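Please look at the sequence and the model before reading on.

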Amino acid sequence: MTLSRPVAHLAAVGRRLARARRQRGIVGTLREAGRMVASTRSRRRTARWERRFDSEWGIDTAGIVRLTSLDIESANRDHGVRYQATDPNHFHALVDGLDVDPRDFVFVDVGSGKGRVVVLAARESFARVIGVEFSPDLDAVARRNVARLPPELRRNGRIRLLTMDATEFELPSAPLVLYFFNPFDDAVLQVVLDRIRESASVDPRPIYLLFTGPLSELPAARAELRALGAASHAGVAYEVRL
Ligand SMILES: C[S@@+](CC[C@H](N)C(=O)[O-])C[C@H]1O[C@@H](n2cnc3c(N)ncnc32)[C@H](O)[C@@H]1O
């Protein structure tokens, strides 16, 4: 028998609380219930502002999409994290924190999903904006979103969306700002960072990496990356230094 979504959700809540009761007693169960209420509230708040953001811009970037629900032809599919878009406040905090003139830089969103960051970056004055996404379905949504931007922001092919695996992306020969919001695990990140290092060594130029989300701390261990200040709630910025 298939349960409707609300019923299945209630059943899952019941199972979780019963497990907490068995393992952690009454106090543990009350704490678990408190955590569940807080997380539901936070999800609802996010859903509300995402709907507002999308309707203001006339785009569709909200929600969470699990990669297992998508057709993705890549050996790295299982290393990828779900689709979820950047909080615009985090994007602006990271980009504004960079002490560079965006007109001199190409901005690349590594794992661009439905294109929220591409749309945000297009509104800044970056010379070009590129999104790299390995899911054709998500990329199709991003293309529709970009098509809704004012023509002057899209002039002369300034915005490009590439349906491909990030590990195969050839970095443009220009000063770069590379943006990562939790696209994949450390194994794939390592391959991407190796490519960045290789590109920087054959073609030295300013390259900045902006990390937001859970991966923010990971690159700190890499010798070729110099952190630009401490990590903030928005994430952390690095400069490639060979
Ligand atoms: C958390 S979402 C971030 C979306 C967007 N960058 C943003 O911040 O709004 C991560 C995206 O990375 C994509 N992704 C994961 N692994 C990838 C890979 N190897 N190559 C290209 N895209 C990948 C996922 O499909 C997903 O859309």
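A pocket is an open set of grid points with protein on both sides within 12 Å along at least five of seven lines, and its lining residues have an atom within 4 Å of a point. The model described here is predicted.

## The largest pocket

The largest pocket has a volume of about 760 Å³. Its lining is made up of 26 residues, and those nearest the centre are Arg 43, Thr 46, Ala 47, Ile 64 and Gln 84. Sorted by class, the lining of this pocket holds 8 nonpolar, 10 polar and 8 charged residues.

Which helix gives the most to the lining of the largest pocket? Helix 1 does, with 13 residues. The lining also takes in two domains: domain 1 (1-57) and domain 2 (77-240) each provide at least three residues.

## The second largest pocket

The second largest pocket has a volume of about 210 Å³. The residues lining the second largest pocket are His 9, Ala 12, Val 13, Arg 16, Ala 33, Met 36, Val 37, Ser 39, Thr 40 and Arg 43. Arg 43 is also one of the residues that lie nearest the centre of the largest pocket.

By class, the lining of the second largest pocket consists of 5 nonpolar, 3 polar and 2 charged residues.

## The largest cavity

Rolling a probe the size of a water molecule over the atoms shows where empty space is left. Across the whole structure, a search finds 2 cavities of 30 Å³ or more.

The largest cavity has a volume of about 320 Å³. It is lined by 27 residues, with Gly 111, Ser 112, Gly 113, Glu 133 and Pro 183 closest to its centre. At least two lining residues come from each of strand 2 (83-84), helix 3 (116-123) and strand 4 (128-133). The lining of the largest cavity divides into 14 nonpolar, 8 polar and 5 charged residues.

## The second largest cavity

The second largest cavity has a volume of about 90 Å³. Around this cavity are Val 110, Ala 166, Phe 169, Leu 171, Leu 178, Val 192, Arg 195 and Ile 196. Helix 6 (residues 186-202) gives the most to this lining, with 3 residues.

How many residues of each class line the second largest cavity? There are 7 nonpolar residues, no polar ones and 1 charged residue.

Ile 26, Val 27 and Leu 30 make a nonpolar surface patch of about 310 Å². Ile 26 is placed in helix 1 (residues 5-57), the helix that gives the most to the lining of the largest pocket.

## Salt bridges

The structure holds 14 salt bridges. One of them is formed by Glu 50 and Arg 116, whose closest N and O atoms are 2.8 Å apart. Glu 50 belongs to helix 1 and Arg 116 to helix 3, so this pair ties together parts that are 66 residues apart in sequence. Helix 3 (116-123) also supplies at least two residues of the lining of the largest cavity.

Terms used: Residues numbered from 1 in each chain as written. Predicted model: local features only at pLDDT ≥ 70, side-chain atom pairs only at ≥ 80, totals over all residues. Heavy atoms only, no water. Patch = residues over 30% accessible without salt bridge, like charges linked within 9 Å, V, L, I, M, F, W, Y side chains within 5 Å. Areas by Shrake-Rupley, 256 points an atom, 1.4 Å probe, with all protein chains shown as cover. Salt bridge = Lys/Arg side-chain N within 4 Å of Asp/Glu carboxyl O. Helix = DSSP H or I, 4+ residues; strand = E, 2+ residues; numbered from the N terminus. 1 Å grid on protein atoms, 1.4 Å probe; cavity = no way out; pocket = protein on both sides within 12 Å on 5 of 7 lines; lining within 4 Å. Points joined across faces, edges and corners; volume = space filled by probe spheres on them. Nonpolar A, V, L, I, M, F, W, Y, C, P; charged D, E, K, R; others polar. Domains from an automatic or database assignment.
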